[in-house]
Amino acid sequence: MASFVDRLIRRKPRSAERARERLQLVLIHDRTDLSPSMLEKLKDELIQVISRHVDIEAEAARIEMMREGREQRLIADIPLRHARHTRG
Amino acid sequence: MNAKVITITSGKGGVGKTTATANLGAALASEGKQVVCIDADIGLRNLDVVLGLENRIVYDLVDVIEGRCRLSQALIRFKKIPTLYLIAAAQTRDKSAVSPSDMVRLCDELRPEHDWILIDSPAGIERGFRNAIAPADYVIVITNPEVSAVRDADRIIGLIEAEEKGPARLIINRVNSEMVRRGEMITPDDVTDLLAIELIGIIPEDEQVIVSTNRGNPVVLDGKSKAGLAFRNVAQRLQGNKVPFLELDESKGIFGRISKLIRPGGN
């Protein structure tokens, strides 16, 4: 029951949890050869291109790598601003 | 007979490739199957000492490939299990002495006379690794529940897929159930989830592995060893038999489940 007591006194997370979280990130970047800084750059460029065509909320845009088994997926969540006039 | 060729690899060194090769070979052979273990780690051979055959090597892998002996002369019989053979790696040469097509040719020659051919791959992702996987019908990746070993395993799994030898199967070696219980070692479930390939073995950490290796005996011959039992179970799974995974530790059942409920986001 050591773990239960640890939780009660809010000790730092145990090392296995840290290992799992760190590995999740490391594996995503190893598999895609896309570093966090490149991902950031990609995000900026995507926002530029998209905002040329639609009005978006650039500050709220998120681009993340998702893992599905051994497949990696790039997920972009880009909120659009309310259009000034709707077309029907 | 038409042998299946299995290559055991890992990326990182020292995680238990040679031990796994020797023990899976011994487990399959002790059921009466004709088994050849090939040490593909040229220049750093070790499968011979793990099997206690170091004094019986006359010809090695490179001698066969370069035609200095017949194939049968390089097959060293393990006396305690008469259907288990070793082809040793050359110790004084380097990996460039063998090519992937040499390995394919060698295994094709061995296939008709055997049930299983197990290849012990060198660590790394270079020539030696490519030699070892070239003839494989399928590949087993072995890892330990540690960040560096899991990371390298992931890399090697990607390379195996790129070489169209995938999907690889996974053995997690040296699992310390006490550390897992305390939350200080990644669980086999987590490793399998991260690597996302089929799990075929969880081998508990077991002093008997070192004790048997000291004597040049595979640990599967020790009826009391937990690691030995786990390796015998992997051998069963390789033959298509469904065998449940060992409970790592009797207390893990209930405590493991409780701690998972308590740990936020812990599943």
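Modeller: Before we start, one term: two residues are in contact when their C-beta atoms, placed from the backbone, are within 7 Å of each other. This is a predicted model, where local features need pLDDT of at least 70, side-chain atom pairs count only at pLDDT 80 or more, and totals for chains, interfaces and linings use all residues. Residues are numbered from 1 along each chain as its sequence is written, while chains are lettered from A and ligands numbered from 1 in the order in which they are written.

Biologist: Okay, which residues does B:Leu86 touch, not counting residues up to four places away in sequence?

Modeller: B:Leu86 touches B:Cys37, B:Leu47, B:Asp48, B:Leu51, B:Leu53, B:Ile76 and B:Phe78. B:Leu86 is also one of the residues, with B:Leu61, B:Ile117 and B:Phe231, that touch the most other members of the largest nonpolar core, which has 88 residues.

Biologist: What makes a set of residues a nonpolar core?

Modeller: The members must be buried Ala, Val, Leu, Ile, Met, Phe, Trp, Tyr or Cys residues, joined through C-beta atoms within 7 Å. In this one, H1(B) gives the largest share, seven residues.

Biologist: And what makes B:Thr18 count as buried?

Modeller: Buried takes 20 or more other C-beta atoms within 10 Å of the residue's own; 12 or fewer is exposed, and in between is partly exposed. B:Thr18 has 26 C-beta neighbours inside 10 Å, so buried it is. You'll find B:Thr18 in helix H1 of chain B. Beyond four places in sequence, B:Thr18 is in contact with B:Asn46, B:Leu47, B:Val50 and B:Asp120.

Biologist: What makes B:Asn2 exposed, then?

Modeller: B:Asn2 has 8 C-beta neighbours inside 10 Å, so it counts as exposed. B:Asn2 sits in the segment before S1 of chain B. Neighbours within four places aside, B:Asn2 is in contact with B:Arg111 and B:Pro112.

Biologist: What makes S8 of chain B an edge strand?

Modeller: The open sheet has eight strands in the order S3-S4-S2-S5-S1-S6-S7-S8, with mixed pairing. Strand S3 (76-77) and strand S8 (198-204) of chain B each pair on one side only, which is what puts them at the edges.

Biologist: Why call S7(B) largely enclosed?

Modeller: Seven of its seven residues are buried, so the rest of the structure largely encloses S7(B). S7(B) also belongs to a β-α-β unit with S6(B) and H7(B).

Biologist: What makes that unit right-handed?

Modeller: Look with the strands pointing away from you: the crossover is right-handed if the path from the first strand over the helix to the second goes clockwise. That is the hand found for S6(B), H7(B) and S7(B).

Biologist: Now chain A. Why say that S1(A) lies largely in the open?

Modeller: S1(A), residues 62-68, has seven residues and the number buried is zero, so it lies largely in the open. Buried residues make up 6% of the 88 residues in chain A. Its elements run α-α-α-β-β from the N terminus on.

Biologist: How do S1(A) and S2(A) pair?

Modeller: They are antiparallel over seven bridges, and A:Glu64 stands opposite A:Ile75 in S2(A). The two strands form a hairpin with two residues between them, and A:Gly69 in the turn has a positive phi of about 65 degrees.

Notes
Pairing = 2+ DSSP bridges. Helix = DSSP H or I, 4+ residues; strand = E, 2+ residues; numbered from the N terminus.
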